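Please read it with the structure open beside you.

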Amino acid sequence: EIDDRAHLNPFDTPVTRARLEFSDGDQQVPLYETSLDPPVNKSTTAGQDTVPLWTSLRDLFSSRKMGISTLLLWWVWFVLAFNYFGITLITVRVLSVNSDTHALCGQTSTNTTNTSVCRTTLDEYVQVMWTTVAEIPGLLLALVCLQYFGRRTCLRIFFFFSSACFAALFVCHVHRLVMLFLVFGVRAFINASYQVSFLYTAEVYPSRSRALGVSCCAAVSRLGAISTSFVAEVVLAHSLTEGKAIYTAISVVTFLACCLLPLETRGRGLD
């Protein structure tokens with residue numbers, strides 16, 4: 001037999017009616033006050049907890065130190081992608097012209113059809129593959145240094161040595177193995193800087209703005225990856241000195257930026 005109360009309360013079903021056995025005296029407690037709530041109109045509540053993007057971005061500049069850290073981290077991430085993808089693109093060109101003294105010293109080549117500069121041998125491909133192994137020492141170096149030094153100190157050390165390796169690429173009349181070692185060092189220190197930057201960025205922001213802070217830094221780094229292709233493919237084709245000078249100068253500026261980071265997060269709990 002169908003219960004006549006079913007049409008009065010749509011939640012009153014044989015399954016849920018068993019939960020209404022308890023009562024206050026002789027009066028039964030309404031169903032929606034016990035186990036189930038009435039349906040909520042999601043269209044009226046949607047968007048109530050959303051925060052405008054501009055308001056969220058202001059959290060990244062909530063204080064003077066936080067604002068300085070945000071701007072410096074944007075620059076650091078930009079340069080990390082700029083140098084990381086840049087050294088990947090210029091490795092073959094740097095190694096292939098190492099035997100050409102004029103090209104290595106930065107003299108502009110007016111003969112764009114010179115195939116002796118553009119030709120890449122099997123040995124050069126093997127050497128480029130060896131430089132990719134620098135990713136592993138970079139990870140280990142970051143892991144060891146983070147155990148003994150602060151985040152800012154690690155960034156300063158890694159950017160200092162990557163700048164030194166970039167500057168050493170200017171030296172003429174060096175052996176190919178020395179050039180290969182310098183490229184190896186650049187990739188290792190840049191990769192180590194990447195790992196520390198991920199950690200430092202996640203720790204410097206409070207929980208409510210951590211996701212936005214890291215995502216903004218990642219977005220800025222994409223701009224660096226886009227920009228470096230122009231230097232690696234256009235500027236270096238015109239002059240090696242100009243191209244390597246850009247990478248060296250931008251690394252030195254980033255080292256100075258790391259020295260200006262106002263917050264140290266080692267040993268500090270997450271907010």
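1. **Ground rules.** This is a predicted model, in which local features need pLDDT of at least 70, side-chain atom pairs count only at pLDDT 80 or more, and totals for chains, interfaces and linings use all residues. Residues are numbered from 1 along each chain as its sequence is written, and side-chain values use heavy atoms, with hydrogens and water left out.

2. **Overall fold.** The protein has 11 helices and 2 strands. Helices here are DSSP runs of H or I with at least four residues, strands are runs of E with at least two, and both are numbered from the N terminus. Reading from the N terminus, the order is β-β-α-α-α-α-α-α-α-α-α-α-α.

3. **Burial and contacts.** Of the 271 residues in the protein, 39% are buried. Buried means under 20% relative accessible area, exposed means over 50%, and partly exposed lies in between (1.4 Å probe, protein chains only). Take the contacts between residues at least 6 apart in sequence: 79% of them join residues at least 24 apart. A contact means heavy atoms within 4.5 Å.

4. **Helices α8 and α9.** These two pack at an angle of about 155 degrees, and their axes are 9 Å apart. Axes are lines fitted to C-alpha atoms, for helices over the stretch in contact; angles run from 0 to 180 degrees between N-to-C directions. α8 and α9 are therefore roughly antiparallel. The scale is: under 35 degrees roughly parallel, over 145 roughly antiparallel, 65 to 115 roughly perpendicular, the rest oblique. The crossing of α8 and α9 is left-handed. That term applies if the near helix is turned anticlockwise from the far one by less than a right angle; clockwise would be right-handed. The contact involves α8 residues including Phe158, Phe159, Phe161 and Phe166, and α9 residues including Phe189, Ile190, Val196 and Tyr200.

5. **Helices α10 and α11.** Their axes come within 6 Å and cross at roughly 150 degrees. α10 and α11 are therefore also roughly antiparallel to each other. On the α10 side, the residues in contact are Thr228, Val231, Ala232, Val235, Leu236 and His238; they meet Leu240, Glu242, Gly243, Lys244, Ile246 and Tyr247 in α11.

6. **Salt bridges.** How many salt bridges does the structure hold? There are 3, counting a side-chain nitrogen of Lys or Arg within 4 Å of a carboxyl oxygen of Asp or Glu. Side chains of opposite charge can pair when their charged atoms come close.

7. **Glu135 and Arg187.** The side chains of Glu135 and Arg187 form a salt bridge with an N to O distance of 3.1 Å. Glu135 is in helix α7 (residues 135–148) and Arg187 in helix α9 (residues 176–204), 52 residues apart. Both Glu135 and Arg187 are buried.

8. **Arg151 and Glu203.** This salt bridge spans 3.0 Å, N to O. Arg151 lies in helix α8 (residues 151–168) and Glu203 in helix α9, so the pair ties together parts 52 residues apart in sequence. Arg151 counts as buried at 10% relative accessibility. Glu203 is buried too, at 14%.

9. **Arg152 and Glu264.** Their closest N and O atoms are 3.4 Å apart. The pair links Arg152 in α8 with Glu264 in the segment after α11 (240–259), 112 residues apart. Glu264 is partly exposed at 27% relative accessibility.

10. **Cysteines.** The whole structure contains 0 disulfides, meaning pairs of cysteine sulfur atoms within 2.5 Å. For Cys145, the nearest cysteine sulfur is that of Cys154, 5.1 Å away. Cys145 is buried, at 10% relative accessibility. For Cys259, the nearest cysteine sulfur belongs to Cys258, 7.0 Å away. Cys259 is partly exposed, at 34%.

11. **Ser209.** Buried or exposed? Ser209 is buried, with a relative accessible area of 2%. Ser209 sits in helix α10 (residues 207–238). Beyond its neighbours within four places in sequence, Ser209 contacts Asp59 and Leu60.

12. **Phe170.** This residue is in the loop between α8 and α9. Phe170 is partly exposed, at 27% relative accessible area. Leaving out residues up to four places away in sequence, Phe170 touches Thr241, Lys244, Ala245 and Thr248. Phe170 and Leu240 are 70 residues apart in sequence, with their C-alpha atoms 8.7 Å apart.
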